[in-house]
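This briefing is meant to be read alongside the sequence and the model. It takes up helix packing, the ligand shell and some points of backbone geometry in turn.

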Amino acid sequence: MIESFSHLEQLAAGRDLADVFLESDAQEHAVPADQILEALRRRRAVMRDCIERGKGGGTSMGKLVGNEAKLLNDAFLAGRTFLDPLTVKAEIYALSVMGENSRMGVIVAAPTAGAGGVVPGMLLALEEERNIDPEKTVRALVVAGGVGSIIALSANISGAAGGCQNEVGVASSMAAAAVAYMMGGTTHNQIHAAALALKNTLGLVCDPVGGLVEVPCVKRNALFSVHSLTAAQLALAGVDSVIPMDEIVEAMVRIGRALPRGLRETAEGGLATTPTGANIAQRLKDEANQRRAARAAERERTAQERKAQTDE
Ligand code: SF4
């Protein structure tokens, strides 16, 4: 088993990182590499479909988000965006996935649903913009998954356990390593890309408005897909993280434990309790109560109709 990032760096020096993870999985779980790669080809296809559907927009379950991908895509197609196409596409794709998630569409959790836009957004935009073989993207998903699983040995990957650093932070770290892999970086570069991305999300709280994975989650995925791109770019240029990855993960766990409960997915702090956030939460509560009352009235009406028919 690969126990830590320092262990990984020793084991994988001079080797293809995806091969190292595939070999380790085959030994540990007796799953052959070709089965893992086939499963990830299917995941890539789901990511691709989800991005295409998501670009069409639509309203989310809580009616707070849903059309961000469409708006940005329309602006991009009309030549009204100013960033380079790779960056804009990464944002569009991350928003697409999260839009689908907010409408209960099928997505790939990477590593969670709430942080599910960063990895596909960044990797599929990169594949398209740099004409990278889709098979390389599949192998990059092995790298992303491997990085996530080493983090998961020490940390619970959920906003409830440690705030959004544990979700979007980890997703950014996985994506950064995978981008460095796709761009031909060494194992050292890939681990430092992961470290730079994760380190710079530490302390990120989880404060979803109304308890829904909509605000700030959807747009956060777009912003942090670009964050992962920056981390990969720095690492590929030889900029290392001074703090080693294993120590960053330990710091993330300590910070997560220190976060107040209100900032760990309870919707009892941060953005969720701003005046606007609180008003939205109240509106969602009122709507849920109205729906419950309407269902109860409908049940009562049906029962009375049945009784009237029986009496006749
Ligand atoms: S804010 Fe919370 S619910 Fe939203 S993506 Fe981050 S961890 Fe998930």
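**Helix packing, ligand shell and backbone geometry**

Helix 10 and helix 12 run roughly parallel to each other, because an angle under 35 degrees counts as such and the two pack at an angle of about 25 degrees, with their axes 9 Å apart. The model is a predicted one, and the points below are grouped by topic.

**Helix 10 and helix 12**

- Helix 10 covers residues 187–199 and helix 12 covers residues 245–258, and the crossing in which helix 10 passes helix 12 is left-handed.
- On the side of helix 10 the contact is made by Ile 191, Ala 194, Ala 195, Leu 198 and Lys 199, while helix 12 contributes Met 245, Ile 248 and Met 252.
- Sorted by class, this contact of helix 10 with helix 12 has 7 nonpolar residues, no polar residues and 1 charged residue.

**Helix 6 and helix 9**

- The axes of helix 6 (residues 118–129) and helix 9 (residues 168–182) come within 8 Å and cross at roughly 20 degrees, which means that helix 6 is roughly parallel to helix 9.
- The crossing of helix 6 and helix 9 is right-handed.
- Val 119, which lies in helix 6, counts as buried because it has 32 C-beta neighbours inside 10 Å.
- Apart from neighbours within four places in sequence, Val 119 is in contact with Ala 110, Ala 144, Ala 171, Met 174, Ala 175 and Ala 178.
- Val 119 and Gly 145 are 26 residues apart in sequence, and their C-alpha atoms are 10.0 Å apart in space.

**Helix 4 and helix 5**

- Helix 4 (residues 68–77) and helix 5 (residues 85–102) have axes that come within 8 Å and cross at roughly 155 degrees, and the two helices are therefore roughly antiparallel to each other.
- Their crossing is left-handed, with Glu 68, Ala 69, Leu 72, Asn 73 and Phe 76 of helix 4 meeting Val 88, Glu 91, Ile 92, Leu 95, Ser 96 and Gly 99 of helix 5.
- The residues of this contact divide into 6 nonpolar, 3 polar and 2 charged.

**Ligand shell**

- The residues that surround the ligand are Gly 114, Ala 115, Gly 159, Cys 164, Glu 167, Val 168, Cys 206, Pro 208, Val 213, Pro 216, Cys 217 and Glu 265.
- Divided by class, the shell has 8 nonpolar, 2 polar and 2 charged residues.

**Backbone geometry**

- Most peptide bonds are trans, and most residues other than glycine have a negative phi.
- The peptide bond from Ala 110 to Pro 111 is cis, with omega near 0 degrees, and Pro 111 is found in the loop between helix 5 and helix 6.
- Val 215 and Pro 216 are likewise joined by a cis peptide bond, with omega about 10 degrees; Pro 216 has its place in the loop between helix 10 and helix 11, and Pro 216 is also one of the residues surrounding the ligand.
- Ala 30, in the loop between helix 2 and helix 3, has a positive phi near 55 degrees, and with 7 C-beta neighbours inside 10 Å Ala 30 counts as exposed.
- Lys 63, in the loop between helix 3 and helix 4, has a positive phi of about 60 degrees although it is not a glycine, and Lys 63 is partly exposed, with 14 other C-beta atoms within 10 Å.

How values were computed:
Residues numbered from 1 in each chain as written. Predicted model: local features only at pLDDT ≥ 70, side-chain atom pairs only at ≥ 80, totals over all residues. Near = placed C-beta within 6 Å. Nonpolar A, V, L, I, M, F, W, Y, C, P; charged D, E, K, R; others polar. Axes fitted to C-alpha atoms, helices over the stretch in contact; angles between N-to-C directions. Helix = DSSP H or I, 4+ residues; strand = E, 2+ residues; numbered from the N terminus. Parallel < 35°, antiparallel > 145°, perpendicular 65-115°, else oblique. Left-handed = near helix turned anticlockwise from the far one by under 90°. Buried ≥ 20, exposed ≤ 12 C-beta atoms within 10 Å, placed from the backbone. Contact = placed C-beta atoms within 7 Å.
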